[in-house]
Amino acid sequence: MATSRLFCWLFILLVFLWKKLLHLVKSISRFMINDLEMQRIIRDREQVYSLLKSENIPVPRYEVLKRKDDLNQPLEDSQIMEEHEDHLTINNQVFTKPFVEKPVNADDHNIYIYYPQAAGGGSQRLFRKVYERSSIYSPISRVRKFGSYIYEDFMPTDGQDVKVYTIGLDYAHAEARKSPTLDGRVERDKRRKRIEIPSYIKRKRKRK
C-alpha cells in the first residue's frame, strides 16, 4: 500500500513538473530537441493510434473500450461489450483469442494477452521489467472490468520483439530482443546487460 501511494505521488509530481516546463517553454523562446506538446499524445495510446492512421502507418485492427473516469464505472454511452469463452465483442467488432488488452493510458505498462482454451487458456501479463522478469502467466481468462482499454489482434512475432529507438528523415535505428510473451525471462549477456540485436529496417518501411 505504501509503495502504491509513493508511486501515485511521484506520478502527480512528474505531471506537475511537466506542465510547469511546458509553460516555461511557451513563455520564452528556446530551441527544443524534444517536442513537449507531443508528450500529451504519446501518453495516450488511443491518440497515438489515431496519429499513426492519419499518417498512413499500419496499425493492428483495434477497438477502444472506455469507462467513465477511467475507473470501475459503467461504459461510456453507446459502447457495448460482450465477453465469451474464446472471443470478445466490442461495438460489433469481434476479437478472437489470442488478443491483446492495453490500457489507454500509455503510462500503464500492464498489458495482457488472452489465450484460447485450445492453447490452455489464461493470460500472459506484461509489465515493466523487474529484475529478471518482464511478464508472468496467469490462469485468469476474463478481461479486466475496470479502466479504459484498447483491444487489438495479437500479432505473432516468432519469439522476438522489435523496438524502434529513433526515426529521422534519412536514419532509423531498431533492435530485436526476446519477446516477453514467451516465458517472461529477460535474456542478459555476461555483463548482465539485456541482449538486444540491431535490426535492419528496409528502406521502404523507413519511408512510410
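This is a chat about a few local features of the predicted model above.

Visitor: Before we start, what sort of model is this?
Guide: A predicted one: local features need pLDDT of at least 70, side-chain atom pairs count only at pLDDT 80 or more, and totals for chains, interfaces and linings use all residues. Residues are numbered from 1 along each chain as its sequence is written, and side-chain values use heavy atoms, with hydrogens and water left out.

Visitor: OK, what's going on at the start of helix α3?
Guide: A side-chain oxygen of aspartate 44 comes within 2.9 Å of the backbone nitrogen of glutamate 46. The helix covers residues 45–54; helices here are DSSP runs of H or I, at least four residues, and strands are runs of E, at least two, numbered from the N terminus.

Visitor: And just after α3, which residue takes a positive phi?
Guide: That's asparagine 56, at about 60 degrees.

Visitor: Switching to aromatics: how many pairs turn up in the whole structure?
Guide: Five. Rings of Phe, Tyr and Trp (its six-membered ring) pair if their centres lie within 6.5 Å; planes under 30 degrees apart are stacked, over 60 edge-to-face, and the rest tilted.

Visitor: How are the rings of tyrosine 49 and tyrosine 62 arranged?
Guide: Their centres are 4.8 Å apart and the planes sit at 85 degrees, so the pair is edge-to-face. This pair links distant parts of the chain, with tyrosine 49 in helix α3 and tyrosine 62 in strand β1 (residues 62–65), 13 residues apart.

Visitor: Is tyrosine 49 buried or exposed?
Guide: Buried, at 8% relative accessibility, and tyrosine 62 is buried too, at 15%. The cut-offs are under 20% relative accessible area for buried, over 50% for exposed and partly exposed in between (1.4 Å probe, protein chains only).

Visitor: What about phenylalanine 99 and tyrosine 114?
Guide: Those ring centres are 5.5 Å apart with planes at 40 degrees, so that pair is tilted. Phenylalanine 99 is in strand β5 (residues 99–103) and tyrosine 114 in strand β6 (residues 111–114).

Visitor: Which arginine lies over the face of tyrosine 112?
Guide: Arginine 144, at 3.5 Å from the ring centre. Arginine 61 lies over the face of phenylalanine 95, at 4.3 Å from the ring centre. The test is NZ of Lys or CZ of Arg within 6 Å of the ring centre and within 35 degrees of the ring normal.

Visitor: Last one: is isoleucine 167 buried or exposed?
Guide: Exposed, with a relative accessible area of 64%. Isoleucine 167 is in strand β10 (residues 160–167).

Terms used. Polar contact = N/O pair within 3.5 Å; in protein donor to acceptor, adjacent residues only side chain to side chain.
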